[in-house]
Amino acid sequence: MENDPGNLGDYWDTGFARLIKDLDRYTLLEFEVNRKFGGKGLVAYTDDNSMVILRSGYEDIVRQGEIWMCSVTKNDNGIRYARPMEQVTLSMLMQMNENLRRAIEDSLWERNKSAYMDAFRERFAEEEYSKIREEVEKENRKKIGDLEAKISELETQLEQKKFALETMAADSSKEEITLTSEPVRSPRPAAQPWTPRDEPLRLEKDGFPYLPRAFKVRRFGPRSFQSEYFTGRRCYVHISPSRRFVLIRFHESGNIYCFNSTISIGGLEKISEYVEGAEYNAEYSKKYEGILIYLPSSRSPGCAPSINTCPDDSRPWEI
Amino acid sequence: MTLFAEHSYSRVMVFVDYMNIRECIPHAGKDPELDLLRLTRILVGGRDLIGAYVFDASRKYRTENDAAIREQDRLRMDGFRVISRESMEKTSDGRLVQKEVDVSLACEMLEHALLNHFDVAIVVSGDRDFVPAMQKVQAAGKRVEVASFKGSVNKECIKTADVYRELDDIPFLMMRPAIDEGGDNGE
């Protein structure tokens, strides 16, 4: 080493290694101007804040701000003196081999761990927190974007379905009750007399009995209607003020009972004149959720035209 | 044919002039019975019913045993809000007339309209007295439907209403079971 005052040149290759091995005897000191004595001389401070004075003879070697590995001794008065052994620079650290560097790093870390620990921990935590937060925010933004797109798509579908339902409702709504003239299915050929069905009625998948679009209901007595399609046990019966329509709604809490496909209604004979064997047009009304029976007008108290007298077999009755 | 179509998301309130409806229903004995619940459900359809009001009048000092009071209680049990004015008076010729009911209905309807409690008001009455109130409700941006009988509705009501429904052919009068006197045997 060119600035070696005390024959430290031989330390460079092996001496420094020995220093590293014997690191506990040496101290790393950073020298600064001695403020207490008017800026004369260089001093350093150890970990416990004790002042160490640069031994005389090394003033030309050691500069302010430099870090040296020093041997520290104390005289009888308790004053400490540092004898610089080796300057520690970054280039020197980089030039050392890996093992030596690690040894110095470990030593420096062990000596200063308590001082560096909190600062490093705080800095590490801050950097890690920032990194993690950024990643989480990025992921959340992506998820929120996906969800918003999904919501927008569902809202569009909902609007389309609403529009379709409103269109259907507008098409099917009617001001007056009218029975269709064309039955979707005819339960039996027009010319046959009324007979009970032998086979069981088919059931819709929701458990309600199958009802054709239009069919006939028989007047069983002055106060009774009878039909093979009266399959419930109890029902409500409503009539229109005009006495033209009777609505039968099967319901578990209905006030009128149905036995053997027959419903007996109080006061029916006063509302609709009884004609033996009369049959009335009926259909299932989706609007009123029940079987709608068409009663003949009070102006023509005769029975509704029966199937046998209908002029057109494909259209058993007309309103 | 109507200009307006029903919307399933409309908020509906129903206002029933009870005496007006009762007077128009022909009776054959005690049958059939007016089923206001059924009528309300038919008129409202699939829309959201916010509230249904029944406006009626009664005589003062009536007790719970009075038939009219029992009827009103039954309506309340069905969910109707019954506003009964103790304003039934007897005229010199012995007729009973009700006072305050029409104005009460009009005020209630207008108040709810201005407070934006409904989108559609259904007035079950054919009385022409409600026309100004209906117009004010329409001016508040609401729709007014009138439901009444063909023979008793005033033409001005029909012209003012956005939708008019005839009650004559709507089956809402409830029939009772036949009393068992041997039943009908088809003979």
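Author: Let's begin in chain A, where six strands form an open sheet with mixed pairing, in the order S1-S5-S6-S4-S3-S2. Strands here are DSSP runs of E with at least two residues, helices are runs of H or I with at least four, and both are numbered from the N terminus. Two strands count as paired if DSSP finds at least two bridges between them.

A word on what you are looking at: this is a predicted model, in which local features need pLDDT of at least 70 and side-chain atom pairs count only at pLDDT 80 or more, while totals for chains, interfaces and linings use all residues. Residues are numbered from 1 along each chain as its sequence is written, chains are lettered from A and ligands numbered from 1 in the order in which they are written, and side-chain values use heavy atoms, leaving out hydrogens and water.

Within that sheet, S5 (residues 67-74) and S6 (residues 80-87) of chain A are antiparallel and share seven bridges; A:Lys74 has A:Arg80 of S6(A) as its bridge partner. Further along chain A, S9 (residues 234-239) runs antiparallel to S10 (residues 245-250), with five bridges, and A:His238 faces A:Leu247 of S10(A). Five residues lie between these two strands in their hairpin, where A:Arg243 has a positive phi near 65 degrees. Five of the six residues of S10(A) are buried (buried is under 20% relative accessible area, exposed over 50% and partly exposed in between, with a 1.4 Å probe and protein chains only). S10(A) is also joined by four bridges to S14 (residues 290-294) of chain A, again antiparallel, with A:Phe245 partnered by A:Tyr294.

S7(B) has parallel neighbours. S1 (residues 11-17) of chain B is joined to S7(B) by five bridges, and B:Val12 is partnered by B:Val120. Five bridges also link S7(B) with S8(B) in the parallel sense, where B:Val123 stands opposite B:Val146.

The helix comes in here: S7(B), H5(B) and S8(B) form a right-handed β-α-β unit (right-handed meaning that, with the strands pointing away from the viewer, the path from the first strand over the helix to the second runs clockwise). In H5 (residues 131-139) of chain B, the residues B:Val131, B:Ala133, B:Met134 and B:Val137 are buried. They lie on the same side of H5(B), because they cover an arc of only 160 degrees around the axis, taken from the directions from the helix axis to the C-beta atoms. Covering them, by contact (heavy atoms within 4.5 Å), are elements including H4 (101-114), S8 (143-148) and H6 (155-160) of chain B. The opposite face of H5(B), turned away from the buried side, carries the exposed B:Lys136 and B:Ala139. Just after the helix, B:Gly141 takes a positive phi of about 90 degrees.
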